[in-house]
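Here's a quick tour for someone meeting this structure for the first time. Have a look at the sequence and the model, then read on.

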Amino acid sequence: PSHCAHSARWPHGANATVGEVDAAVGSAERSKLYAAGGCLFVTTRILTVDLLQRRLSPRRVAGVCVGSAHRMKDDSGEAFCVRMFRGQAQGSGGSGEAEARGEGNDGNVRGFVHAFTDEPTSFAGTFKVEHVMKALQLRRVFLWPRFEARVQESLQPAPAAEVEAAE
């Protein structure tokens, strides 16, 4: 899937749900997954349908992570999902003050949108970064080179956990 949606009702315990939602998951099961909360990797098409059919309220989503950001355009499915997440694709209106408080429409103005790419050279060229930022409604861009200590630590494979099983 190209992005994931983090539920605002993430059960921060040992039973936290992490799952993938694709065409094999039916609408009733998706509704149950959304209600349970957690981190769900959802295809763009399914997220679009579920937001349009109000199976998932944008206010229940803490944030959206978008992969392959270098491919985003104003008319991409991911950009449309972000507009629905923010409540701007449905033309639901509402007062400016109510929208600033996160009220007045079904959108989520407080949730995060993070975009990632593994092809940073694709941003070379005239206003490419600006176009992606506009399409995904991003205000800031952070460029983290692979030699940055924090990036290297996160890319290092975790040591294998040893588990001793006794009968």
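A polar contact here is a pair of N or O atoms within 3.5 Å; within protein, one must be able to donate a hydrogen and the other to accept it, and residues adjacent in sequence count only if both atoms are side-chain atoms. This is a predicted model, so to speak of local features takes a pLDDT of at least 70 and side-chain atom pairs count only at pLDDT 80 or more, while totals for chains, interfaces and linings use all residues. Residues are numbered from 1 along each chain as its sequence is written, and side-chain values use heavy atoms, with hydrogens and water left out.

**The overall layout**

- The protein chain has 6 helices and 5 strands; helices (H or I, at least four residues) and strands (E, at least two) are DSSP runs, numbered from the N terminus.
- Of the 167 residues in the protein chain, 34% count as buried, where buried means under 20% relative accessible area, exposed over 50% and partly exposed in between (1.4 Å probe, protein chains only).
- Take the contacts (heavy atoms within 4.5 Å) in the protein chain with a separation of 6 or more: residues 24 or more positions apart account for 63% of them.

**Strands**

- Strand E2 (residues 18–21) runs parallel to strand E3 (residues 39–42), and 4 bridges join them; two strands pair if DSSP finds at least two bridges between them.
- Within that pairing, Val18 has Cys39 of E3 as its bridge partner.
- Together with helix H1 (residues 27–36), E2 and E3 make a right-handed β-α-β unit. Right-handed means that, with the strands pointing away from the viewer, the path from the first strand over the helix to the second runs clockwise.
- E4 also pairs in the parallel sense, with strand E5 (residues 112–115), over 4 bridges, and Cys65 stands opposite His114 in E5.
- Because 5 of the 6 residues of E4 are buried, this strand is largely enclosed by the rest of the structure.

**Helix H1 and Arg30**

- Arg30, Leu33 and Tyr34 are buried in H1. Seen down the axis of H1, these buried residues fall within an arc of 100°, so they line one face of the helix; the arc is that of the directions from the helix axis to the C-beta atoms.
- Ala28 and Lys32 are exposed on the other side of H1.
- Arg30 counts as buried because its relative accessibility is 9%.
- A polar atom of the Arg30 side chain lies 2.9 Å from the backbone oxygen of Val25.
- Beyond its neighbours within four places in sequence, Arg30 is in contact with residues including Val21, Ile46 and Asp50.
- Gly37 follows H1 and has a positive phi, near 85°.

- The largest nonpolar core has 25 residues, among which Val21, Val42 and Leu136 touch the most other members. A nonpolar core is a set of buried Ala, Val, Leu, Ile, Met, Phe, Trp, Tyr and Cys residues joined through side-chain atoms within 4.5 Å.
- H3 gives the most to this core, with 4 residues.
- Leaving aside neighbours within four places in sequence, Leu136 is in contact with several residues, among them Val66, Met72 and Val82.
- In helix H5 (residues 128–135), Val132, Met133 and Ala135 are buried. Seen down the axis of H5, they fall within an arc of 165°, so they line one face of the helix.
- Those buried residues of H5 pack against helix H3 (77–86).
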